[in-house]
Amino acid sequence: MTADVNNIGTSLDFFVIVAIALFVIGAFGVLTRKNMIVLLMCIELMLNSVNLLLVTFSKYHGAADAQVFVFFIVVVAAAEATVGLSILIMAYRNRKSIDIELFNKLKD
Amino acid sequence: MSLQIISIILGSLTIASALMVVLSKHPIRSVIFLVVTFFFISSLYILMNAQFLAIVNIIVYAGAIMVLFLFVLMLLNLNKTAEPESSLMVKLSSLIAAGGLFLVIIAALKDSILLSKTYAPQNEAIGTVQSLGNLLFSKYVVPFEVSSILFIAAMVGAVLLAKREKQIID
């Protein structure tokens, strides 16, 4: 079994492609969706794709440093989610909607 | 079945569920599909010998952050206000932009990582709690402390932001 796990190295390219695809899907979601909460979720998806890429290269190099970076990214993602969601609640209280098209007061 | 086939199946399922996050109309369905995506990503971590990160991913992302999202969705009661659709122009142009980004990154990586088949000698104990803990509390102890400060700042900020305005004025 362990020998098999080491042989996964032959298909690490595939993980890179999966990570890039996840990032692009997240970017597409940020560009098209208008619901602010779905936008935050797409940002989480992009952060996770970066995590996947870091773990892939940690496997590639045989060093654990990149996996420590993943921890810090998880920390930043958690902080971002809490602050973003509380901003969202404030915006919903003021506008009674979370449609990002309505948040254009600075433009006027 | 070899691990290569398993990883290809899991990777395609990851991409499919991530697509469902973006394409599904109802936000709660998006949250559920995002949780499914995180579980698939954790399975990919396990395939790459990062067992501890897989567990952390499930606990922190699928367990904590996604429950927070669900909580906020339930609090806001968005059933009445349907999300307006983006225009076809916006959808088409963002599809072109995202596809262009994908192609550019793949093309940039094509000559470097995607062709090289040489890998570092594999140490099986990379993803264990012991090796990660050793690194985290020796080489990366300063970022670790800084991230705790970041957490406190985020916590205070979230509490202050989500408070009722009257209480802030008092």
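Helix axes here are lines fitted to C-alpha atoms over the stretch in contact, and the angles run from 0 to 180 degrees between N-to-C directions. The model is predicted, so local features need pLDDT of at least 70 and side-chain atom pairs count only at pLDDT 80 or more, while totals for chains, interfaces and linings use all residues. Residues are numbered from 1 along each chain as its sequence is written, chains are lettered from A and ligands numbered from 1 in the order written, and side-chain values use heavy atoms, with hydrogens and water left out.

**Exercise 1. Work out how α4 of chain A and α6 of chain B run relative to each other, and what sits between them.**

Step 1: Two packed helices are described by the angle between their axes and the distance between the axes. Helices are DSSP runs of H or I with at least four residues, strands are runs of E with at least two, and both are numbered from the N terminus.

Step 2: Under 35 degrees counts as roughly parallel, over 145 as roughly antiparallel, 65 to 115 as roughly perpendicular and the rest as oblique. The two helices are therefore roughly parallel.

Step 3: Look at the contacts (heavy atoms within 4.5 Å). The α4(A) side includes Phe72(A), Val76(A) and Met90(A), and the α6(B) side includes Phe144(B), Leu150(B) and Phe151(B). The residues of this contact split into 16 nonpolar, three polar and one charged. Nonpolar covers Ala, Val, Leu, Ile, Met, Phe, Trp, Tyr, Cys and Pro; charged covers Asp, Glu, Lys and Arg; the others, Gly among them, are polar.

**Exercise 2. Classify two of the aromatic pairs, Phe57(A) with Tyr60(A) and Phe71(A) with Phe52(B).**

Step 1: Rings of Phe, Tyr and Trp (its six-membered ring) pair if their centres lie within 6.5 Å; planes under 30 degrees apart are stacked, over 60 edge-to-face and the rest tilted. There are six such pairs over all chains.

Step 2: Phe57(A) and Tyr60(A) sit 6.3 Å centre to centre with 90° between the planes, which makes the pair edge-to-face. They are three residues apart in α3(A), residues 36–61, so about one helical turn separates them.

Step 3: Check the accessibility, where buried means under 20% relative accessible area, exposed over 50% and partly exposed in between (1.4 Å probe, protein chains only). Phe57(A) is partly exposed because its value is 25%, while Tyr60(A), at 15%, is buried.

Step 4: Phe71(A) and Phe52(B) come out as tilted, at 5.7 Å and 45°. This pair crosses between chains, from α4(A) to α3(B), residues 51–76. Phe71(A) is buried at 17%, and Phe52(B) is partly exposed at 26%.
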